[in-house]
Amino acid sequence: MTDLTLVFDLDGTLVDSAPDLIASTNHVLDHLGLPRVDAATLRPFVGHGAKHMIEKAIGPACEKLSEAERAELLKRYLDFYSANIATDSRPFAGVVPALQKLRAEGVRLAVCTNKMEGMAQRLLDALDMTHYFTAIAGRDTFPVSKPDPGALLGTIALAGGDRSHAIMVGDTNVDIAAAKAASVPVIGVTFGYTETPVQAFSPDAVIEHFAELEQAIGMLVSRRQQTNVATADADERSRLARAVAH
């Protein structure tokens, strides 16, 4: 698998960052004098960004806030989150052993997240995970972000890889959509931050634990090789048919 580039989403795929993101949201509610929202209510919104989480937590009253007030609340959220980015966030079970094994096998590893690049870097640094990745791309790394395929393709290129030898791993429809639009096979994880089961987005494979990742990768690599052989055979038959016709 030495020519393979494996691109991971971050929040809800590699790292269970929900506790610190939810704490940051409740910090904003404390400032506003509003009641805190429980983790179960906020967890499905984690993968949609800070603004979305704040709006969902505040509820209908958010519509009365001016743009300046919303910007101030977002800054308050980000300042708190930056200072507490890995208080309770941890890699999901099996992530670190999987990354270690893949790196040892020569696989290029990269992160493509809709978190701001600096925040993603800070989180991975705090969890001592940065050194596993050849490239870390965030919402502001490229002119576009997921689900635009340009974000994924840009990350693959940044890692020194090639789309024809790449696989995406993610937990939400945003990840699945970006991979499909980029014509990159995608593995969905079931333990992330989505209200709808990841299977509903039709990823090419699904895993329930990182212990299953290597087998899923092997299946997708084998499937791609079979497709390439079938395509080559079809091209050769077409070439021979044209030669006979002439």
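This is a predicted model: local features need pLDDT of at least 70, side-chain atom pairs count only at pLDDT 80 or more; totals for chains, interfaces and linings use all residues.

Me: Which residues touch the most other members of the largest nonpolar core?
Reply: In general, nonpolar side chains of soluble globular proteins tend to be buried together. The largest nonpolar core here holds 56 residues. Those touching the most other members are Leu6, Phe8, Leu14, Phe133, Ile187 and Leu213.

Me: With which residues is leucine 213 in contact, leaving aside its neighbours within four places in sequence?
Reply: Contact requires heavy atoms within 4.5 Å. Once the neighbours within four places in sequence are left aside, leucine 213 has these partners: Leu6, Phe8, Ala98, Leu102, Val169, Ile187 and Ile207.

Me: How many residues does the second, separate core have?
Reply: Its members include Ala110, Cys112, Ala135 and Val198. The size of this second core is 17 residues.

Me: How far apart are the end C-alpha atoms of helix α1?
Reply: Helix α1 covers residues 18-32, which is 15 residues. The expected span is 1.5 Å times one less than the number of residues, so α1 should span 21 Å. The model agrees, with its end C-alpha atoms apart by 21 Å.

Me: Which elements are included in what covers the buried residues of α1?
Reply: The buried residues of α1 include Ala18, Leu21, Ile22, Val28 and Leu29. Asp20 and Asn26 are also among them. The cover over the buried residues includes β2 (15-16), α2 (39-42), α3 (50-58) and α4 (67-83).

Me: Is serine 183 buried or exposed?
Reply: Serine 183 lies in the loop between α8 (173-181) and β7 (186-189). Its relative accessible area is 57%. Because the cut-off for that class is over 50%, serine 183 is exposed.

Technical notes
Residues are numbered from 1 along each chain as its sequence is written. Side-chain values use heavy atoms; hydrogens and water are left out. A nonpolar core is a set of buried Ala, Val, Leu, Ile, Met, Phe, Trp, Tyr and Cys residues joined through side-chain atoms within 4.5 Å. Buried means under 20% relative accessible area, exposed over 50%, partly exposed in between (1.4 Å probe, protein chains only). Helices (H or I, at least four residues) and strands (E, at least two) are DSSP runs, numbered from the N terminus.
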